[in-house]
Amino acid sequence: MRLSFRARRAGQLALTANALRPLRGAHWGFPAFVTGWLTSELAPHLLAITLTDTAAHVARRGVRNVDRPGVVAAGLSTVGLGALIASAQRARGVVEQALVDALGPGYTDELRPAPSASDLATPWGQLALPFRMRHPDVHVDRDIAYFQGGRRFLLDVYRPRRPVANRPVLFQVHGGAWVTGNKDQQGVPLMLHMAARGWVCVAINYPLSPAARWPQHIVAAKRALAWVRERIADYGGDPSFIAATGGSAGGHLAALLALTPNDPVFQPGFEDVDTSVQVCAPHYGVYDFAATTGAPASRTRLRHLLARYVVGTDPELSLDDYVAASPLDRVNSSAPPFFVVHGEHDTLVPVREAREFVRRLRAASPHPVAYAEIPGAQHAFDLFPSIRSAHVVRGVQRFLDWVHAHRDTATG
């Protein structure tokens, strides 16, 4: 049954209100994330739909006979969606300020090529079809086995279509709460952008819980890094420069990779392989894995997700295992440069977790630590191209390019 104009506009108004002020709490966090994320990142498209639907309704009914509550709801939605678009545009300034704070006001002078006006502008043409994610200059080699064990040990390589050699490598780890997800579902906008600019990108699968128990996830990620060290030159990559990235659980794994190079506990049977990374750019990552800060959201995640499905042991009896898996508790003076990205409105991983992680990194690391708290952003805001994610992607690219250009001094 087709919804009435009033119902359509009332529904859109409720979604817009949640995107602006997301519902929080254990029961509301996930539905607030799903609806808020889609509404925020598709705000221009939803605005066009709202205006078109309202104009069609007025044309059918005439000005005097319109459904006034429906028109009022459409008007309020229009204002709210406009505010969401303005908030998304603020990501550009926030990301740029984060880079200036970490790298210095003249950092762009050291990039080759220097950012152009089009690099910094909103790519409206790309955003018109946000789910059409491919690039004419990028070739993808799919389903390459990096270890025996089936599809959870496969990876994809995104590389320039033109022949390249000795190019820096981006290592992408997908999220999904350690229990779901796939290598071709996350990080694609960033990988396409980086590969089009000459980087070689690797997206990995890894074993998922509850079938797999921690630390199988990080062991697999390090096995994939070992494959990169050995084989990525065949695809045009430089095995001596690897940047780790990922979102949510993937952000946790990427950060842990950066903070535990060559840790033999996470490298059983391949202890002698170099698994260091030269820079890390985690997005909305889980950093307080062991809930040592005592934050309520972190403790809830520990009890109801990690202890039950991912690790499978009582944290009170094996706290050391959780601490060893926690980026917040593994921060050290050997940490490589970091660019931490987190959404202001994240209802799944509280933003204060990222703030504390950055605080500890800055206190311990001699290398640049950039932090961008993205206005209005929900969890997983970068799964497809949007105003907000486009500015973040380009900012991450500038940070990674800068670190690569300064690899001898920035990574020490």
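The legends below walk through several close-up views of a predicted model. Local features are given where pLDDT is at least 70, side-chain atom pairs count only at pLDDT 80 or more, and totals for chains, interfaces and linings use all residues. Residues are numbered from 1 along each chain as its sequence is written, and side-chain values use heavy atoms, with hydrogens and water left out.

**View 1. Two cysteines without a disulfide.**
A disulfide is a covalent bond between the sulfur atoms of two cysteines; here it is counted when a pair of cysteine sulfur atoms lies within 2.5 Å. The structure holds zero of them. For cysteine 201, the nearest cysteine sulfur is that of cysteine 280, 15 Å away. Cysteine 280, likewise in no disulfide, has the sulfur of cysteine 201 as its nearest. Buried or exposed? Cysteine 201 is buried, at 0% relative accessible area, and cysteine 280 also counts as buried, at 0%. (Buried means under 20% relative accessible area, exposed over 50%, and partly exposed in between, with a 1.4 Å probe and protein chains only.)

**View 2. The largest pocket.**
Rolling a probe the size of a water molecule over the atoms shows where empty space is left. On a 1 Å grid over the protein atoms alone, a pocket is an open set of points where a 1.4 Å probe fits, with protein on both sides within 12 Å along at least five of seven lines; lining residues have an atom within 4 Å of a point. The largest pocket holds about 1000 Å³ of space, the volume being that filled by probe spheres set on points joined across faces, edges and corners. Of its 35 lining residues, Phe30, Leu305, Thr347, Leu348 and Val349 lie nearest the centre. Helix H2 (29-41) and helix H10 (296-310) each supply at least two lining residues, and H10 gives the largest share, with seven. (Helices are DSSP runs of H or I with at least four residues, strands are runs of E with at least two, and both are numbered from the N terminus.) By class, the lining has 19 nonpolar, 13 polar and three charged residues. Here Ala, Val, Leu, Ile, Met, Phe, Trp, Tyr, Cys and Pro count as nonpolar, Asp, Glu, Lys and Arg as charged, and the others, Gly among them, as polar.

**View 3. The second largest pocket.**
This pocket has a volume of about 350 Å³. Which residues lie nearest its centre? They are Gln126, Arg134, His135, Leu192 and Arg394, out of 18 lining residues. Helix H6 (124-127), helix H7 (188-196) and helix H14 (387-405) each bring at least two residues to the lining. Its classes come to eight nonpolar, five polar and five charged residues.

The structure holds 18 salt bridges, each a side-chain nitrogen of Lys or Arg within 4 Å of a carboxyl oxygen of Asp or Glu. In this view, aspartate 141 meets arginine 159 at 2.5 Å, N to O. Aspartate 141 belongs to strand E1 (residues 138-145) and arginine 159 to strand E2 (residues 154-160), so the pair ties together parts that are 18 residues apart in sequence. Aspartate 141 counts as buried at 16% relative accessibility, whereas arginine 159 is partly exposed at 24%. Elsewhere, Arg142, Asp143, Asp156 and Lys183 are linked in a salt-bridge network.

Arginine 360 pairs with aspartate 329, their closest N and O atoms being 3.8 Å apart. Since arginine 360 sits in helix H13 (residues 351-364) and aspartate 329 in helix H12 (residues 327-330), the pair ties together parts that are 31 residues apart in sequence. A second salt bridge joins arginine 355 and glutamate 373 at 2.8 Å, N to O. It links helix H13 to strand E8 (residues 369-374), with the two residues 18 apart. Arginine 355 is partly exposed at 42%, and glutamate 373 is partly exposed at 22%.

**View 4. Aromatic rings together.**
Rings of Phe, Tyr and Trp (its six-membered ring) pair if their centres lie within 6.5 Å; planes under 30 degrees apart count as stacked, over 60 as edge-to-face and the rest as tilted. The count comes to 16 aromatic pairs. Tryptophan 214 and phenylalanine 266 have ring centres 6.3 Å apart and planes at 80°, so this pair is edge-to-face. Both tryptophan 214 and phenylalanine 266 are buried. Ring pairs also link Phe30, Phe33, Trp37, Phe131 and Phe384 into a cluster.
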